[in-house]
Amino acid sequence: MARRQATRADPLTSEQRRLNMSRIRARDTGPEMVIRRGLHALGLRYRLHDRRLPGTPDLVFPGARAIVFVNGCFWHGHECSLGVTPRSNAAFWSEKIARTQARDREAFQKLESEGWRLAVVWECALRGPVRRPVESVLDDLATFLCSDAERGRLDISGE
Ligand SMILES: [Zn+2]
């Protein structure tokens, strides 16, 4: 009897629970989370989404004077299979994407002039038909972050 009441008190149906789980999984496996988890597992520590810096960088490594952006190919106008502008409302989208690209360029210039090294990980490096093995993406990033070079930019796309 007690057990049956406990079951009835469960506010989620199995359908709702399944839906919630699928949402959580989808969010947790997004490219940014893959990079965050991977670098953390390699022992690298960072600040997230620092609004004090131009472009609100996704990951900031103050000791290494390095910054990592994880960019969606569509929104940031990457020239790859994930970055294709839709046919309908093409003018609207290309204008919107062009504005994002202009903001990116401005933020990158400011950051570099302040002495930051920049790495951009494009979504297509981790998702879609040309994605690379996660380990190799993390390896390239870690090498960049641990380098003692004062300048340099790293761009990681799908192959
Ligand atoms: Zn791309």
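Select Thr 100, which is found in helix H4 (residues 90-113); helices here are DSSP runs of H or I with at least four residues, strands are runs of E with at least two, and both are numbered from the N terminus. Thr 100 has a relative accessible area of 12% and is therefore buried, where buried means under 20% relative accessible area, exposed over 50% and partly exposed in between, with a 1.4 Å probe and protein chains only. Show what surrounds Thr 100: leaving aside neighbours within four places in sequence, Thr 100 is in contact with Trp 75 and His 76, contact being heavy atoms within 4.5 Å.

Before moving on, note that this is a predicted model, in which local features need pLDDT of at least 70 and side-chain atom pairs count only at pLDDT 80 or more, while totals for chains, interfaces and linings use all residues. Residues are numbered from 1 along each chain as its sequence is written, and side-chain values use heavy atoms, with hydrogens and water left out.

**The whole chain**

Zoom out and colour by secondary structure. The protein has five helices and five strands, and along the sequence they follow the pattern α-α-α-β-β-β-α-β-α-β. Of the 159 residues, 35% count as buried. Among contacts between residues at least 6 apart in sequence, 57% join residues at least 24 apart.

**The zinc ion**

Select the zinc ion next. Which atoms coordinate the zinc ion? They are Cys 73 (SG), His 78 (ND1), Cys 80 (SG) and Cys 124 (SG), at 2.1 to 2.4 Å. Donors are N, O and S atoms within 2.8 Å of the metal (3.2 Å for Na, K and Ca); water is not among the atoms, so sites may look incomplete. In the sequence panel, the donors of the zinc ion follow the spacing C-x4-H-x1-C-x43-C.

Now look at the angles at the zinc ion. The four donor atoms subtend 104 to 115°, which makes the arrangement tetrahedral; four donors count as tetrahedral if all angles lie between 85 and 135 degrees. For comparison, the ideal angle for four tetrahedral donors is 109.5 degrees.

Cys 73 counts as buried because its relative accessibility is 0%. His 78 lies in the loop between E3 and H4, and at 14% relative accessibility His 78 counts as buried. Leaving aside neighbours within four places in sequence, His 78 is in contact with Cys 73, Gly 83, Trp 122, Cys 124 and Ser 157.

**Helices H3 and H5**

Select residues 31-41 (helix H3) and 134-146 (helix H5), whose axes come within 10 Å and cross at roughly 60°. Axes are lines fitted to C-alpha atoms, for helices over the stretch in contact, and angles run from 0 to 180 degrees between N-to-C directions. The crossing of H3 and H5 is right-handed, meaning that the near helix is turned clockwise from the far one by less than a right angle.

Show side chains at this crossing: Val 34, Ile 35, Gly 38 and Leu 39 in H3 meet Val 134, Val 137, Leu 138, Leu 141 and Leu 145 in H5. These residues divide into eight nonpolar, one polar and no charged; Ala, Val, Leu, Ile, Met, Phe, Trp, Tyr, Cys and Pro count as nonpolar, Asp, Glu, Lys and Arg as charged, and the others, Gly among them, as polar.

Keep H3 selected. The buried residues of H3 are Pro 31, Ile 35, Arg 36, Gly 38 and Leu 39. What covers them includes strand E1 (47-48), strand E2 (59-61), strand E3 (66-71), strand E4 (117-122) and H5.

Move to Ala 142, which lies in helix H5 and is buried, with a relative accessible area of 14%.

**Positive phi**

H3 is followed by Gly 43, with a positive phi near 90°. Gly 43 is partly exposed, with a relative accessible area of 47%.

Most residues other than glycine have a negative phi. Select His 49, in the loop between E1 and E2: its phi is positive, about 45°, although His 49 is not a glycine. Finish at Asn 89, in the loop between E3 and H4, where phi is positive at about 60° and the residue is exposed, with a relative accessible area of 54%.

Note on methods:
Tetrahedral: all angles 85-135°; square planar, octahedral: opposite > 155°, others 65-115°.
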